[in-house]
Amino acid sequence: MLMLNCDSSGLSYYRHSSGSLHYKSSLPTQRRLLGPCTCPDGSTILKDHIPKDQYEELMQRRAKEFQQYKVRTNSVLSKLLFALPNSPLQYPIQGVIVRPLTATAIPGINLMLICLTIHLLKKIFSVYFCLLDISSQVTIVTKTFLRYKQLRVLLDSIRKFYSNIKVIIADDSLEPESVTGENIQHYIMPPAQGWFAGRNLAVSQVTTKYFLWVDDDFLFSEKTKIEKLVEVMEAVPELDVVGGSVQGNTFHFSILYEEGDENEGGCLYRKSGGKFHPLPSYPQCHLASGVVNFFLARTDAMQRVRFDPKLQRVAHSEFFMDGLGSLMVASCGDVTIDHQPKTAENHNPTYNKFRSPGRNDGEFKLQLHFFKNYLKCIRYG
């Protein structure tokens with residue numbers, strides 16, 4: 001919801017986060033041309049991570065892909081049009097782009113002693129499910145790799161509190177072991193396909209309205225109340241993801257994006273611990289851009305965004321970056337899951353070798369941000 005105000009002169013204005021007032025200009029004749037965005041201090045300049053011998057060719061392909069993207073996504077409704085001031089109001093009727101959860105000035109507003117509240121609504125196709133109990137609403141989903149001891153401990157803890165709920169496991173271990181049990185679906189993948197490929201496979205098999213994502217070394221406890229997360233999602237149907245906490249840590253973050261020009265791209269800042277306003281009636285929950293690896297998600301919404309399988313080991317925030325503007329995310333710290341302790345018994349050198357990303361993995365991720373996300377710079381804070 002955006003709040004517009006007017007003063008005694010009839011000019012519209014908006015209040016900046018600093019508290020200062022900014023008055024709107026008269027009706028523009030065309031959309032403002034975007035200039036370069038400003039990289040936050042400490043940002044990584046992504047073009048510096050492109051091999052020099054590939055830079056020119058990649059820049060040409062990047063520009064071509066961006067133009068093709070605009071052709072696919074633009075429509076006649078993308079053009080900025082205004083209703084002329086037929087006393088007492090002039091306003092844009094289409095083509096206004098706003099950033100998610102960020103104050104946005106509406107161009108061309110001219111009010112004569114009138115204050116308006118404008119509601120921006122997103123229409124979503126409704127999918128109806130037969131909802132009887134928690135097991136008919138939620139599927140638990142996880143991805144495993146070379147950690148069968150931890151996986152079996154997780155499954156035992158789930159069954160202690162949720163005896164009938166379905167569990168889906170995506171497994172790309174080098175030498176798969178059998179994992180069986182009632183309401184357990186174990187999907188074997190080719191070896192070492194990676195984190196996001198496994199997430200895609202597991203989520204693709206969910207048939208319930210929601211799924212609960214957990215890591216394979218988590219541990220359910222008396223405080224792991226899935227019902228509380230479902231209550232929030234049902235009460236706030238605009239939400240797509242609700243994160244909990246892992247041993248009391250929510251690990252939520254905000255993503256601040258500034259659009260840049262067509263040549264360089266945008267600027268992005270992922271701010272650890274960042275959050276927005278609390279949810280009405282749920283003060284323990286705040287809107288955020290991303291959450292920890294323990295979250296309840298709306299199945300159809302997550303399937304629309306998809307996890308990029310090119311990201312094998314260095315990936316989590318990247319999914320929420322891809323979902324920025326499409327997914328509404330919240331973090332609720334009162335629902336907690338435990339983490340299994342690391343011991344010599346469950347130490348696996350082969351797993352650790354795959355788990356710890358090398359320099360090439362980090363470089364590839366930065367190159368992907370430059371090309372796919374069309375970013376000029378990024379800062380992980």
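The model is predicted.

**Salt bridges of Arg147**
- Arg147 forms a salt bridge with Asp216, with the closest N and O atoms 2.5 Å apart.
- This pair links distant parts of the chain, 69 residues apart: Asp216 is in the loop between β13 (210–213) and β14 (218–219), and Arg147 is in the loop between β10 (138–144) and α3 (148–161).
- Asp216 and Arg147 are both buried.
- Arg147 also forms a salt bridge with Asp217, where the closest N and O atoms are 3.3 Å apart.
- Asp217 lies in the loop between β13 and β14 and Arg147 in the loop between β10 and α3, so this pair ties together parts that are 70 residues apart in sequence.
- The relative accessible area of Arg147 is 14%, and Asp217 is buried at 8% relative accessibility.

**Lys209 and Glu234**
- The closest N and O atoms of the salt bridge between Lys209 and Glu234 are 2.8 Å apart.
- Lys209 is in the loop between α4 (195–204) and β13, while Glu234 is in helix α5 (residues 226–235), 25 residues apart.
- Lys209 counts as buried at 16% relative accessibility, whereas Glu234 is partly exposed at 38%.

**A salt-bridge network**
- Salt bridges link Asp308, Lys310, Asp322 and Lys372 in a network.

**Helix α9**
- Helix α9 (residues 359–371) has 13 residues and should span 18 Å at 1.5 Å a residue, which agrees with the 19 Å between its end C-alpha atoms.
- Buried residues in α9 include Leu366, Leu368 and Phe370, and also the charged residues Asp361, Glu363 and Lys365.
- The buried residues of α9 pack against β5 (44–45), α1 (55–73), α7 (317–322) and β22 (375–380).

Key:
Residues are numbered from 1 along each chain as its sequence is written. This is a predicted model: local features need pLDDT of at least 70, side-chain atom pairs count only at pLDDT 80 or more; totals for chains, interfaces and linings use all residues. Side-chain values use heavy atoms; hydrogens and water are left out. Helices (H or I, at least four residues) and strands (E, at least two) are DSSP runs, numbered from the N terminus. The expected span of a helix is 1.5 Å times one less than its number of residues. Buried means under 20% relative accessible area, exposed over 50%, partly exposed in between (1.4 Å probe, protein chains only). Contact means heavy atoms within 4.5 Å. A salt bridge is a side-chain nitrogen of Lys or Arg within 4 Å of a carboxyl oxygen of Asp or Glu.
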